[in-house]
Amino acid sequence: MDRFRTRRLLLALTAASGLLLTACTAGEDTGDAGKAADRPAYGAGEPAPAHGDEDGTSERDDAREDPDHLSTFALDVDTASYDYARRTLAEGRLPDPSTVRPEEFVNSFRQDYPRPDGDGFTVTVDGARTDDEDWSLVRVGLATRTTGGSGERPPAALTFVLDVSGSMAEPGRLDLAKESLSVMTDRLRDDDSVALVTFSDEAETVLPMTRLDGDRDEIQDTIDDLEVQDSTNLGAGVETGYETAVEGLREGATNRVVLVSDALANTGDTDAGTILEKIAGERREHGITLFGVGVGSDYGDALMERLADRGDGHTVYVSDEDEAREVFCEQLPRHVDLTARDAKAQVAFDPEAVQDFRLIGYDNRRVADEDFRDDRVDGGEVGPGHTVTALYAVRTAPGADGHLATATVRWLDPATRAPHEETGDLEADALDDSVWSAGRGLRTTATAAYFADALSHHGPPVPGAPHLGELAGHADDLADRTQDEDLRRLAEAIDTARRLT
């Protein structure tokens, strides 16, 4: 079949991060703050109660306890894999399949899920039939409240850890990072603070934690003086960055380390686990999170992604000034504050209605089912204004009727560490007739997932996957109907991959 030949031919990608936080207000949503409703403290590893029953009981509890029908994962809002794949394709190369992460393709597109009135999440579950008999795609959508503008967030204390090694001399690396830092400095609030650490073969704190108010010129001069040096001792940079962040720690502020690098470590510690072991105490004790920003045509995707995951953070990737400004003014503000810590999702499929299922992506974010309510087990960090999407391939039983699945999200309040939960359900008769006639959001999710599937060939193909030519047609039609520039870029990327194969 064409799609199997396509999957074998694709190769070559690297992904990662993009950054910058700012007090830009353009493009921000508005919403009301509030308090999420508490959920009962069910025992660790217990499956989610049906329909969020307050007493934890329902007529379907026995079915839900079947471990073969549970799926659990930590939330992830990274998007670097998709952005780097688009850059690779634009340069006339197919991405390396090992660096294609489907969940980052899926989560690169805004969704219109309902938003909660207060802190926490809403849970939306929907789905549609595929062209493969008895197989459907089921989408689990989570959304946090929107932010009402930069004035609502707490002050930020940001320690930028900037790679100035020789590999950063390439256009679009250190020059882009310096321009981005300069823009950020102009737009941050007076009560925000920044510190700057540089690293090549060694690491150096070139600017201790400094308030923006009255010191912008000094910060700008420090940025202007940055120059490319020698090797890449990323481990020393991260360790020094956290030490600087702890020294400049501000109570009541969002304390974050922002790593800007091509992540091509070649000196000192080069393993994410070893690097993060050295700063584990600061990360846990002070709640300092890591935000990774990837740059460069050659990029250490795997290292940056592991650092961000284990550092309770996120990654993005930027390749030009326009992307950098978009990240700084729109994406980064959503990363400054946190709505949820250690957020996990668990989906319980009804064994009477579902014969088989598979989570698409999230391969390195899986959590043991029994650890869902063990709050010592690491989850994902999510900020205000985020949406998180997970997609399942689900084979329904012939004539399946009634309840199909319940999705539960569990998270800790960032300030109090109190646990909260919210749930959403899907009935079999709510599945749309076809993925390609479903609503815009589900069609977008399916298109992005099928595209990642074609590029990665991890495991069996997603049921109903069209060949790239047909997928390009679906994407082009979706872009025409919506007049959405993000979807137009997706359609162009799919068409480029088709031509390269």
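**The pocket and the cores**

Reply: By class, 11 charged, 7 polar and 7 nonpolar residues line the second largest pocket (nonpolar: Ala, Val, Leu, Ile, Met, Phe, Trp, Tyr, Cys, Pro; charged: Asp, Glu, Lys, Arg; polar: the others, Gly among them). The model is predicted, so local features need pLDDT of at least 70 and side-chain atom pairs 80 or more, while totals for chains, interfaces and linings use all residues. Numbering runs from 1 along each chain, and side-chain values use heavy atoms, without hydrogens or water.

The pocket's volume is about 610 Å³ (an open set on a 1 Å grid where a 1.4 Å probe fits, with protein on both sides within 12 Å along at least five of seven lines; lining atoms within 4 Å of a point). Closest to its centre, among 25 lining residues, are Ala 253, Thr 254, Arg 341, Pro 414 and Ala 415. Strand E7 (254–261) and helix H9 (280–286) each give two or more residues to this lining (DSSP runs: helices at least four residues, strands at least two).

Now for the packing. The largest nonpolar core has 40 residues, of which Phe 105, Leu 137, Tyr 450, Phe 451 and Ile 494 touch the most other members (buried nonpolar side chains joined within 4.5 Å; buried is under 20% relative accessible area). Elements giving two or more residues include strand E3 (135–144), strand E13 (387–396) and helix H13 (440–456). H13 gives the largest share, 9 residues.

Beyond four places in sequence, Leu 137 contacts, among others, Ile 360, Leu 391, Tyr 392, Ala 446 and Tyr 450 (heavy atoms within 4.5 Å). Tyr 392 belongs to a second, separate core of 32 residues, along with Ala 345, Phe 349 and Leu 426.

Methods
Points joined across faces, edges and corners; volume = space filled by probe spheres on them. Buried < 20%, exposed > 50% of the residue type's maximum accessible area, 1.4 Å probe, protein only.
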